Structure formats: structure tokens, C-alpha cells
Amino acid sequence: MFVFIPEFSVKGIWISIFTSVSAFCNAGIDIIAENTRIIRSKISDNTKLAAVVKADAYGHGLEKVASALYPLVDCYSVALVEEGVSLRNSGIDKEILVLIPLDRSEIDRAIEYNLTLTVTSERELKDINEIAKKFLKTY
């Protein structure tokens, strides 16, 4: 079971979404971390907690927020492959779920960076399977 950090106030955060991939939040990273601690304390130990850090983490910086939340969350969710790649390049080694289904052209990069993909059709699953085969190593 996954519990996603909600995109609304837990402790006085005001959020305004400007576009589908751009957003702003007027709370600092310390408040985001504190809200995450509160959520973590209210869920069972066997429940995984995912931090949704898409859209540049509401203007705080994807990598900065992910690093601040690293000890508190089990995994991350992002909207785009490039956001997942950015997290990997910043040293995040936990699972990263890409929420938006991918174009066939993005699958290689997602697999290369070990991102978990959202699949919404049998065609997507077949494309991912076909492309993933070239990443298999034989000994």
C-alpha cells in the first residue's frame, strides 16, 4: 500500500498550481519535512510512503526536497522521465515512479535510469517489454 504526500495543507502550506507541470508553494523545505514526519507518524510501519516531488517540488527544487525527505520516505513519484533522471543524477537510489505514461521514445531512458513506469494500456506494456529486452545481460 502506498500513501502519497497530499497536495494540500497538513501544516499551513498554501499551494497554487499555475500549469499542469509548474506549481508554487509558499512553505519552506523544513515545513515540508515536518509534514512528512507527521504523516509518517500516523501510518503503520509496513505502509510505504511516497513523496510526490513533481513540478520542481513546488518551486523548492526537486533534488533539494527529495534529499530532505530521503530518511522519511520509501520512494518518490515524479511526473516526467526527466524529473526521475534528475533525482537519479542527484544520488537518489530509492524507487521512483513516473506517474505520466511515456511515449515509446522515452522508454529507453526510463529503463536506463531504473525508473518505475505507469502502464495504462496493453500496447504500452508490449512496447516496454520489447525495449527492455535490449537491456538484458546474458553471461
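Me: Over the ring of which residue does the charged end of Lys94 sit?
Reply: This is a predicted model, in which local features need pLDDT of at least 70, side-chain atom pairs count only at pLDDT 80 or more, and totals for chains, interfaces and linings use all residues. Residues are numbered from 1 along each chain as its sequence is written, and side-chain values use heavy atoms, with hydrogens and water left out. A charge sits over a ring if NZ of Lys or CZ of Arg is within 6 Å of the ring centre and within 35 degrees of the ring normal. The charged end of Lys94 is 4.1 Å from the centre of the ring in question, which belongs to Tyr70.

Me: How many helices and strands does the protein chain have?
Reply: Helices (H or I, at least four residues) and strands (E, at least two) are DSSP runs, numbered from the N terminus. Along the sequence they follow the pattern β-β-β-α-β-α-α-β-α-β-α-β-α. The count is six helices and seven strands.

Me: How far apart are the end C-alpha atoms of helix H1?
Reply: Helix H1 covers residues 29–42, which is 14 residues. The expected span is 1.5 Å times one less than the number of residues, so H1 should span 20 Å. The end C-alpha atoms agree with this, being apart by 20 Å.

Me: Within what arc do the buried residues of H1 fall?
Reply: Buried means under 20% relative accessible area, exposed over 50% and partly exposed in between, with a 1.4 Å probe and protein chains only. In H1, the residues Ile32, Ala33, Asn35, Thr36 and Ile39 are buried. Seen down the axis of H1, the buried residues line one face of the helix because, taking directions from the axis to the C-beta atoms, they fall within an arc of 160°.

Me: Which strand and helix are included in what covers the buried residues of H1?
Reply: On the other side of H1, Asp30, Ser41 and Lys42 are exposed. The cover of the buried residues, judged by contact (heavy atoms within 4.5 Å), includes strand S4 (48–52) and helix H3 (62–69).

Me: Is Ala55 buried or exposed?
Reply: Ala55 lies in helix H2, residues 54–59. Its phi is positive, about 55°, although Ala55 is not a glycine. With a relative accessible area of 9%, Ala55 is buried.

Me: What is the relative accessible area of Asn114?
Reply: Asn114 is found in the loop between helix H5 (107–112) and strand S7 (116–117). Asn114 has a positive phi of about 55° although it is not a glycine. Asn114 is exposed, with a relative accessible area of 57%.
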